[in-house]
Amino acid sequence: MEFKNIVVLNSNNICHITINRPKQLNALNAKTIFELNVAINKVQEDSSVRAIILTGSGNKAFVAGADIKEFAHFSAIEGEELARNGQKLLFDLIDNLNIPCIAAVNGFALGGGLELAMSCHIRIASDNSKLGLPEVTLGVIPGYGGTQRLTNLVGKGKALEMIVTASMLSANEALQWGLVNHVCAQEDLLILAEKIANKIIRNSPMAISKAIKSVNASFNKTLDGFEVEKKEFGSCFESKEFIEGTSAFMQKRKPNF
Ligand code: CAA
C-alpha cells in the first residue's frame, strides 16, 4: 500500500515512521491513523525490525492532536466511535507491540499527539517541544487514552492539573515530571533515538517482547502483573534466545540474537 500521510523507512533493523502532514502540524486524521495501523501491523510481521522510531515531519510539531476539522461536527455516537476506533487501531496497538517504539517528540505534542507519544514505550523530546492535553479548551476531554496513560506516567495530581488547566509543559518540565526520558537539541533528536534503538537491537527480541508484556500487565486491572511476570520469565527458559544468551555469557562472547 502506498502511504500519503506517513513515510516509512526500514534500515539496519530499525523502522522509522514519520507522520507527514506538516502543514496541519501532523494532526491525526482518520486516514493517517489508518495508514499508521497498516504500517505498524506490517512491521510486526517483519522479524528483521527490532525497534520503531516514530516522529513528525518538519521542525515545529510531533503531532498537534486529533484533526479538529474532521470531528467538529460529530454526534455523541460518532465521538465515542472516534475514540474507540482510534484507541484500537493505533494507541493500544502501539502500547501492546512486541517491538519497542520510541517517540521522538520534535515540537508540539498536543492532545492526540501527546496521547500517541504516551502510547509509545520510550519518549524523548527536542528542547523546543511543548507537551499538553488542551482538549478541555475545545469542550471535550482526551479520547485517545490520555486520561489513563498520563495518570499512569505522572500520577493523578499532575495529570489532572495538566488536563484541567490545559497547560503545555516545556520539554524540560516534561523531563522533570517523568513524562519524557531525555531532552536534547532538535538536530540531535534522531541521533539520540537511534542510539537508544541500537542498544535495544543488541538484546533478545523474545525477552524484550515478554518484558513489554509484563510491564504492561501492571496497568491492566484484570491481571496480576507478578503472575504474568512469573509465567513470562519461565517461558524464556529452553528458548533458542535464552540458550544463546546464557551460552554467550559463559563462553565470554557477545550473544547473537
Ligand atoms: N487539527 C487540525 N488542524 C490543526 C490542528 C489540529 N489538532 N493543529 C493545527 N492545525 C492546523 C491549523 O488549523 C493550521 O491550518 P490552516 O493554516 O489551514 O489554518 C495549521 O495546522 C497551522 O496551525 P496554526 O496556524 O494554528 O499554528 P500556530 O503556530 O499558530 O499554533 C498550535 C500552533 C498552538 C499547535 C495550534 O495549531 C493549536 O492550538 N492546535 C490545536 C491543538 C489542540 O487543541 N490539540 C488537541 C486536539 S483535540 C484531540 O486531540 C482529541 C483527542 O484526544 C482524541
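**View 1. Salt bridge between Lys230 and Glu227 in a predicted model.** Lys230 and Glu227 form a salt bridge (a side-chain nitrogen of Lys or Arg within 4 Å of a carboxyl oxygen of Asp or Glu), with the closest N and O atoms 2.9 Å apart. Both residues lie in helix H10, three residues apart, which is about one turn of the helix. Helices (H or I, at least four residues) are DSSP runs numbered from the N terminus. Lys230 is exposed, at 52% relative accessibility, and Glu227 is partly exposed, at 33%. Buried stands for under 20% relative accessible area, exposed for over 50%, and partly exposed for values in between (1.4 Å probe, protein chains only).

**View 2. Salt bridge between Lys213 and Glu232.** The N to O distance of this side-chain pair is 3.0 Å. Lys213 belongs to helix H9 (residues 205-217) and Glu232 to helix H10 (residues 225-236), so the pair, 19 residues apart, links distant parts of the chain. Glu232 is buried, with a relative accessible area of 11%.

**View 3. Salt bridge between Glu244 and Arg253.** The closest N and O atoms of Glu244 and Arg253 are 2.8 Å apart. Glu244 is buried, at 18% relative accessibility, while Arg253 is partly exposed, at 34%.

**View 4. Network of Asp92, Asp95 and Arg149.**

**Notes.** Residues are numbered from 1 along each chain as its sequence is written, and side-chain values use heavy atoms, leaving out hydrogens and water. In this predicted model, local features need pLDDT of at least 70 and side-chain atom pairs count only at pLDDT 80 or more, whereas totals for chains, interfaces and linings use all residues.

Conventions: Helices (H or I, at least four residues) and strands (E, at least two) are DSSP runs, numbered from the N terminus.
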